[in-house]
Amino acid sequence: MNKVVNQRAWIFVLPVVLLVAFNAIIPLMTVVNFSVQETFGDNVFSWAGLTWFEQVLHSERFHAALLRQLMFTAIILVIEIPLGLVIALNMPRKGPWVSVCLVLMALPLLIPWNVVGAMWNIFALPDIGLLGRGLNWIGFEYNYTRQPFAAWFTMVLMDVWHWTSLVVLLCYAGLMSIPDAYYQAAKVDGARRWAVFRHIQLPKLKYVLTIAILLRFMDSFMIYTEAIVLTGGGPGNATTFLSIDLQKIALGQFDLGPAGAMSIVYFLIILLLSWLFYTLMMRSEEK
Amino acid sequence: MARVTLQALRHSYYPKPQSDADWALKRIDLEWRDGGAYALLGPSGCGKTTLLNLISGLLQPTEGRLLFDDRDVTKASPEQRNIAQVFQFPVIYDTMTVYDNLAFPLRNRRVARAEIDRRVREIAAMLDLDHMLTKRASGLTADGKQKISLGRGLVRSDVNVVMFDEPLTVIDPHLKWVLRSKLKELHYRINRTMIYVTHDQTEALTFADQVVVMKDGAVMQVGTPVELFERPRHTFVGHFIGSPGMNVLPCEIRNGKVVFAGLALDGLKVGSYRDEGKRLELGVRPEFVHFAPAGIPVQVVKVADAGRHRIVEARHATHVIKLLVPEGEAIPAEGAYVRFEPDRTQVYQDGWMVT
């Protein structure tokens, strides 16, 4: 059969290409541009080669931020994925409570990110915030503006509050798509609750969980808004994650070269880890 | 293995059923022999799956009792009832191998390892699954998956009843036949009470010793395939079973004779029946209508070839009469007459047979 070659298709693709070019490719190229040059005022540039990349990769500051970032992401994944799954498993499947639960779950996702940060900032203040005051009242020495551990605790709690809903909603949608016959068959086969989870629900949630983990990984690895509003990276550098550090270098110190190089390294790390997660989770399927 | 008894069983999906229409299943009394093969037959929405789920224990009846042998199991869970059920869509455990799938119901009941192995291999051999036991179940075709479902239903040696809920719906036509004869063979070999739900009359009539025909949540007739064919107790049964279905024509009774469109039909016995002014119909299967030298004058409207015979559509005034004419028999073109076989013609009052 002859394939009809139709160049007109390009006309339809062009708007999207332009859009993507303006909002992604061109800005990214600017970053690439910065990353290989020394920048002076008045738009004067000089070639710097890979200097900035070497500097970033050897910088202890970068290593520390990366380590904090990895720890933060690991902690929230370990908490949010199982917690979201457990909540989704216990949500009602029909009846009037379904919509109540869904709305309650969706609420945190509807709040602008900087508002989330501001809310928790005030909520956790040791003198006037409900959480901070409460914790101190029951006897915990708690001050997130001074103690690194308290800052981390608040940060993790905020992220869990903000994003577990996403995992819940994804898992719930996945659970609802399992036909009743599976549960009935399991009942007839005499399967216990755990066996139903292990052999029916978990396998059917595989793809949904992969998406949930990927989304939560990427988003938490790029956390910026809520963190900068809540702690601003402090106390000291205790909660300075990669994005906050990047912002400090790029806009605080105006070191465009190193910032550009760091952006690219940052981007490549996310790309690599996402690919790794995805392949690992899909690999187990084929065995 | 068990005898199944339904006593005044009724079910409604509403908490407080008011009118007759609220009952998904109207009052049912039935007794099924141990080791028999039964079919529940009826159009979609007639309550056959509801009845099946009541027997399996996935649903609790609103009223009535259910007995396995002499044990009351009305309130028992599916597990306590020790039944097996095969669903319309193949249910398999994706992550397990074929072997593990078949072993699953046994493992859940903590059967000894050696016994599990013996049973799984035996059932797998019966279903021709033995060469793919180590394969992952998710990779199988629809009929392979349905075979696994069947196997999981049959693997336990002590089940009381095995139930099938339209198990061949998603199977390709040429494999349907294979699986159907497999089922029949399995019933013969393991000799367990089996209940088969379907809306396909061929499946029901070939599988079952006794067929329960249902409509709108009520049982219309319980009988052997031959009884359903020769003496349908309700015009619905006559129409639903057979292809084409029974001819149902308005009639009256005058002086002890059945009269159709002003013509008295000879030889039809109505016994002591007296016309009570109710709606009367006569029913006769196309197989028992023949062309004759005299009788009811008809006009042949349509002839459809169906292989071994032809389906002839004839008309008398406004009434359509269908008849089956065997291959090789001539179909008169003009001035044709038909006659109904008297002992194969029934009279129905408000749908129910009277003679």
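Guide: Let's begin in chain B, where strand β16 (residues 289-292) runs antiparallel to strand β20 (residues 336-340), and four bridges join them. Strands here are DSSP runs of E with at least two residues, helices are runs of H or I with at least four, and numbering starts at the N terminus. Two strands count as paired if DSSP finds at least two bridges between them. Please keep in mind that this is a predicted model: local features need pLDDT of at least 70, side-chain atom pairs count only at pLDDT 80 or more, and totals for chains, interfaces and linings use all residues. Residues are numbered from 1 along each chain as its sequence is written, while chains are lettered from A and ligands numbered from 1 in the order in which they are written.

Now look at B:Y337 in β20(B). It is the bridge partner of B:A292, and B:P297 has B:Y337 as its bridge partner too. The second pairing belongs to strand β17 (residues 296-305) of chain B, which is antiparallel to β20(B) and joined to it by three bridges.

β18 (residues 309-316) and β19 (residues 319-326) of chain B pair in the antiparallel sense over eight bridges. One of the pairs has B:I311 with B:L324 of β19(B) as its partner. Two residues lie between the strands of this hairpin, and B:A317 in the turn has a positive phi of about 55 degrees.

Further along, chain B has an open sheet of four strands in the order β11-β15-β21-β22, with antiparallel pairing. Its edge strands, pairing on one side only, are β11 (247-250) and β22 (352-353) of chain B. β22(B) pairs with β21 (residues 345-349) of chain B over two bridges, in the antiparallel sense, and there B:W352 faces B:Q349.

What about the interior? The largest nonpolar core has 77 residues, and B:A39 and B:Y196 have the most contacts inside it. Such a core is a set of buried Ala, Val, Leu, Ile, Met, Phe, Trp, Tyr and Cys residues joined through C-beta atoms within 7 Å. Buried means that 20 or more other C-beta atoms lie within 10 Å of the residue's own; 12 or fewer make it exposed, anything in between makes it partly exposed, and C-beta atoms are placed from the backbone. Helix α3 (residues 98-108) of chain B gives the most to this core, with six residues. Beyond its neighbours within four places in sequence, B:A39 is in contact (C-beta atoms, placed from the backbone, within 7 Å) with residues including B:Y196, B:F207 and B:V211.

Between the chains, 14 residues of chain A are in contact with 19 residues of chain B. On the chain A side, α8 (180-188) and α9 (193-221) are the elements that give two or more residues, and α8(A) gives the most, with six.

Definitions and conventions
Two residues are in contact if their C-beta atoms, placed from the backbone, lie within 7 Å.
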